[in-house]
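Dear colleague,

Please find below the structure that I am handing over to you.

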Amino acid sequence: MIGFLIPVINALKVPDLRRKLLFTIFILVIFRIFAHVPVPGVDVNTLRNFFSGNAFLQLLDIFSGGTLANFSILALGLNPYINASIIMQLLGMVFPKIEELQKEGDYGRQKINQYTRFLTVPLTVLQSFGMFVLLRSQNVLVVTQPLQILGIVVTMTAGTIFLMWLGELISENGIGNGISILIFAGIVGRLPVTLFQTRTTVTEQGQLFNIMLLVALVLVVIFSIVIITEGRRQILVQYAKRVRGGKLYGGQSTYLPLRVNQAGVIPIIFAISLVLLPTTFSNFLQRSTNDIIYNLSSWVLANFQPGGIYYDVVYFFLVVGFTYFYTAVVFNPNKISEEIKKYGGFIPGIRPGTSTASYLNYILNRITLAGAIFLGIVAILPSIVQNITGITTVVLGGTGILIIVSVILETAKQMEAMLVMRSYEGFLR
């Protein structure tokens, strides 16, 4: 946190950066204001009771900053946009044209962002209608007219598009990645509620020692996240000397950094979507008249709940599997080795081409194992903390802390880069 405050303090001394920082704060204030504008036709008390018993909706509510539990016009948050971004990255593995765009620098990035926005709209419509059907089945929504239903779907869709626009404004005129900043603000905006609930629990049950233990665990988790996020395996790459037009080129050496956690928080998002499907479907199957289906759904509801041993084991291995899968998507050793070979580079002691790809794949698998196990532990951390401390009000968990720390590190680096650039401009003058 201190490492983040120093760039902020230095940025306030520079007029241009101070303007960017104040603009970012202004957009975040607008986001929090609209987060409390409710959608009409909602029974708030029934909605809160329903959310208190649904772990999946509680997780989505944390990421949306409490907008889902209040069912505001920003109820879906940026979840459709995140899903669209993931789909576009996966499509790059299937369609060569999208893969080519991913290599074309700023132009390709702009085109992919445009396609992502287009894909976000139908995904938002589907999720809005799905959320309406779910809440209607629980008697949370009291609307029945088609125009009222259409109004809810359109309002929620417009809210997500509005959030995308705010994120782009931050990226263009503010500091940091706009989408990441909004997700960060949503999680942080939910913290006061969680802290108040925890304080009430401590006051009523006298769990002061457990709170101290919880704070110590949080500090250890934050330290570990910083170490893993910043952890890299540096691979030496040398470039052969070449003579062109009487001039000598190359002969330099550089390092290829392989991150321990190449996938970020994406594997956890994938895994949480799958691991909660059995419970979600079992809630609907409880109405079945078939004894086998009813008994199976009852067993799932009784034994496959967040915090249970079956749930945690499946969740952990899903995160590990998705970490390897997503790492393979974002980092292709064959392409990296071809790029190194193309520019006359080689890894000392390793032949260019296939041998280099095999070596990179070997190193990547080893460091990804450490990152995957770490992400798996972070994913099931709420269950571990609840079992150790007995405090059940802390729902944020390691996933939220991972996002918060990652965004702070990313934003601090961008601010430091801006400050360094201003310093160089001052020397040039």
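Two strands are taken to pair if DSSP finds at least two bridges between them; helices (H or I, at least four residues) and strands (E, at least two) are DSSP runs, numbered from the N terminus. The model is predicted, so local features need pLDDT of at least 70 and side-chain atom pairs count only at pLDDT 80 or more, whereas totals for chains, interfaces and linings use all residues. Residues are numbered from 1 along each chain as its sequence is written, and side-chain values use heavy atoms, with hydrogens and water left out.

An open sheet is formed by three strands in the order 4-1-5, with antiparallel pairing. Strand 4 and strand 5 are its edge strands, each pairing on one side only. Helix 16 (residues 354–379) packs on the sheet and touches strand 1 and strand 4, contact meaning heavy atoms within 4.5 Å.

Strand 1 (residues 232–239) is joined to strand 4 (residues 253–259) by seven bridges. Within this pairing, Q234 stands opposite P257, and V237 has T254 as its bridge partner. Towards strand 5 (residues 345–346), strand 1 has two bridges, and Q238 stands opposite F346 there.

Elsewhere, helix 2 (residues 15–34) contains L22. Together with I25, V29, I33, F34 and V37, L22 forms a nonpolar patch on the surface. The accessible area of this patch is about 500 Å² in total, computed by the Shrake-Rupley method with a 1.4 Å probe, where for residues only the protein chains shown count as cover.

Yours sincerely

Definitions and conventions
Axes are lines fitted to C-alpha atoms, for helices over the stretch in contact, and angles run from 0 to 180 degrees between N-to-C directions. Patches are made of residues with over 30% relative accessible area and no salt bridge: like charges are joined within 9 Å, nonpolar side chains (Val, Leu, Ile, Met, Phe, Trp, Tyr) within 5 Å. A salt bridge is a side-chain nitrogen of Lys or Arg within 4 Å of a carboxyl oxygen of Asp or Glu.
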